[in-house]
Amino acid sequence: SKLDSYLTINRIRHVLTMNLYPLLYASIARGVSRQRRFLLSAAVNTTTQRSGKDELSMILYAPLIKRAENIMFGCAYQRDMWVDRYKLPVRKSRVIYNGVDEKYFSRKTVVQSDLTAFRKDYGIAPDEIVIGTVGQLRPEKQQSDLLKSAARLVGLGYKVKILMVGDGSERISLAMLARVLNIDKYIVFTGEVQDIRIPLAVMDIFTLTSVSVETFSNAALEAMSMEVPILLSDVGGAREMVREGYNGYIYNKGNVRQLTELLQTMIRNDGLRCLMAGKGRERIENEFTFRKMADQYQGIFSERVV
């Protein structure tokens, strides 16, 4: 096969598969390879299966995962769930958190004139608290909860602007919901943006309202690196990213009332938001840098073939 030829010609000694489907091909190649045995590391990018069909496929994939020398997960929550559900070997299982380039995702890299222009383009007033989210507009992200919470905040008299950064299949339905809730003028849909640092730097609070799929959100890490306090639904490894009251808060997924109450707490306390912003940046620098993530992968790739 082409894969076997590539492995042989290039004397590949370590193969990393970034999801389950490529793991199937790598496993087949290892079984028929003409070269000496290579190490196989399997990265698992899914926390919960999206369908019954996906769950059924684990009859095939679970044995293949078990045969890999290393099994990498994006957070401890995900690792523990998979080890328990699919009886994976604990000794092979490792957690490697996502990392961000803290030098790039820094407020110091953003020009004030760009922030001023962004606020002007999207009609964000100086006295409005900007509550933002970044990600594809998909059903599992459930950004509708943020709109429902925004309607409550507006009803309570808070001056807020909701910044929805990203695009997707739910954009039309979310825009319709905003009209139904009579909060059109408080909602901004930016679509895809070229430089995500600018909208992040405009935000006072970053939110993630997902109800499934999330493992360890890159968008939330980028917000932390840009010194934005975060409010995340309790999905995936959120509790490994957020120390409550320290760099943000966690709320029960789908609980709009709790989401609104925590947003009120953050809106009313400028000092708290400032403190959380600094602590979030500190956690990025100490725990979630791209360099640290790369070093962990490099350590795995440095292992010798026995």
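Strand β1 (residues 14-17) and strand β2 pair in the parallel sense, and four bridges link them. This comes from a predicted model. One of the contacts between the two strands can be named: Leu 16 has Ser 41 of β2 as its bridge partner.

**The sheet**

β1 and β2 belong to an open sheet of four strands, ordered β1-β2-β3-β4, with parallel pairing. Why is one side of β1 and of β4 left without a neighbour in the sheet? β1 and β4 (93-95) stand at the edges, and each has a single partner strand, so one side of each has no neighbour there. From one strand to the next, the twist averages 25 degrees. In general, the strands of a sheet pair through backbone hydrogen bonds, and the pairing is either parallel or antiparallel.

| Strand pair | Sense | Bridges |
|---|---|---|
| β1 and β2 | parallel | four bridges |
| β2 and β3 | parallel | three bridges |
| β3 and β4 | parallel | three bridges |

**Strand β2**

Now look at β2 itself. Is β2 mostly covered or uncovered? The strand spans residues 39-43, and five of its five residues are buried, so it is mostly covered by the cut-off of under 20% relative accessible area. Leu 39, Ser 41 and Ala 43 point one way from β2. Leu 40 and Ala 42 point the other way. Residues of both groups are buried.

Ser 41 also faces the next strand. It stands opposite Asn 70 in β3. Strand β3 covers residues 70-73.

**Helices around the strands**

Ile 71 stands opposite Ser 93 in β4. Helix α4 (residues 76-86) lies across β3 and β4. This helix runs at about 160 degrees to β4.

**A residue in helix α11**

Finally, turn to Thr 260. It lies in helix α11, which spans residues 256-268. Is Thr 260 buried or exposed? Its relative accessibility is 4%, so Thr 260 counts as buried. The cut-off for buried is under 20%. Which residues does Thr 260 contact, leaving aside its neighbours within four places in sequence? They are Ser 149, Arg 152 and Leu 153.

Definitions and conventions. Residues numbered from 1 in each chain as written. Predicted model: local features only at pLDDT ≥ 70, side-chain atom pairs only at ≥ 80, totals over all residues. Heavy atoms only, no water. Buried < 20%, exposed > 50% of the residue type's maximum accessible area, 1.4 Å probe, protein only. Pairing = 2+ DSSP bridges. Axes fitted to C-alpha atoms, helices over the stretch in contact; angles between N-to-C directions. Contact = heavy atoms within 4.5 Å.
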